[in-house]
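Here are my notes on this one, as numbered points. Have the coordinates open while you read.

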Amino acid sequence: MERLAGTFSASYGDLSRVYADLFASPEFAASAEQKTKTPLEFVLSALRAVGASYDGSKPLAKVLEQMGQPLYQAEAPTGYREVASAWVNAGGLVARLNFALSLAENSLEGVHFEQASLLGDLEGAPADWLDRLAMRVLVPPLSESTRRTIVATLAREAETKPPDDGLVLQRQALGLLLGSPEFQRQ
C-alpha cells in the first residue's frame, strides 16, 4: 500500500502509473495465481484449447454436476463462488482430471476434436515433445515441477505400452496438461 501511495504522490495522482505499479506488484501476481477456474470455465477452456466441437448433448451438464457446478442451480442472489476453495477439493480435482483424460481420448459423447492436428507431429520420447504440446494448450508456461511429473508418469506408462503406441502416450500427456495446475488457473 505504501508503495502505491508513493507512486500516487510522485506522479501527482496519475492513476495509470498507480495501476501499472499495482498490476506489476508481486502481491497482485500472488493473488491472481490463487484464482482457479470454475468447472464451467475449466470445461469450456479445455474444449477451446483442443479445438473441440460439441453437439449440445447432455453429458457435459453431467460432468459439470460432478465437478460441483450443476447448470442453473446456483443459489440466488450471489450465484456460484469465484474462489478456489469452492472448487479445489479431492472430488472436484478427480472429476476435472477424469474429464481432461476423457477429452484427450476423444471419448466424451457429443464432443470431438481432430487429434491429428493437435498431436500428429509429436514424435520421439515424451520429454522431446511435451513442451511443444504444452505451448499449444497452455497460456502460462508449464512449470518445471509439473513437467517432471508428467514426463515421469509418461515414462512409467511407456514401459507397459507397445513401442508403437505413441498416440496413447500423447493423449495421456494432453489429458495431464489439461488437468495440470497451470491449466486450472484463471
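1. Which residues form one aromatic cluster? Phe42, Phe99 and Phe183 do. Before the details, a caveat: this is a predicted model, where local features need pLDDT of at least 70 and side-chain atom pairs count only at pLDDT 80 or more, while totals for chains, interfaces and linings use all residues. Residues are numbered from 1 along each chain as its sequence is written, and side-chain values use heavy atoms, with hydrogens and water left out.

2. There are two aromatic pairs in the structure (rings of Phe, Tyr and Trp, the last by its six-membered ring, with centres within 6.5 Å; planes under 30 degrees apart are stacked, over 60 edge-to-face, the rest tilted). Phenylalanine 42 pairs edge-to-face with phenylalanine 99, at 5.8 Å centre to centre and 70 degrees between the planes. That pair links distant parts of the chain, 57 residues apart: phenylalanine 42 sits in helix 4 and phenylalanine 99 in helix 6 (residues 90-104). Helices here are DSSP runs of H or I with at least four residues, numbered from the N terminus.

3. Phenylalanine 42 also forms an edge-to-face pair with phenylalanine 183, this time at 5.9 Å centre to centre and 80 degrees between the planes. Here 141 residues separate the partners, with phenylalanine 183 in helix 11 (residues 181-184).

4. Phenylalanine 42 counts as buried because its relative accessibility is 0% (buried is under 20%, exposed over 50%, partly exposed in between, with a 1.4 Å probe and protein chains only).

5. Take a look at serine 45 as well, in helix 4 (residues 39-50). Serine 45 is buried, at 15% relative accessibility. Its side chain makes a polar contact of 3.0 Å with that of lysine 37 (N or O atoms within 3.5 Å, one able to donate a hydrogen and the other to accept it; sequence-adjacent residues count only if both atoms are side-chain atoms). Neighbours within four places in sequence aside, serine 45 is in contact (heavy atoms within 4.5 Å) with Lys37 and Phe183.

6. Now the surface. Leucine 15 lies in helix 2 and is partly exposed, with a relative accessible area of 43%.

Methods:
Helices (H or I, at least four residues) and strands (E, at least two) are DSSP runs, numbered from the N terminus.
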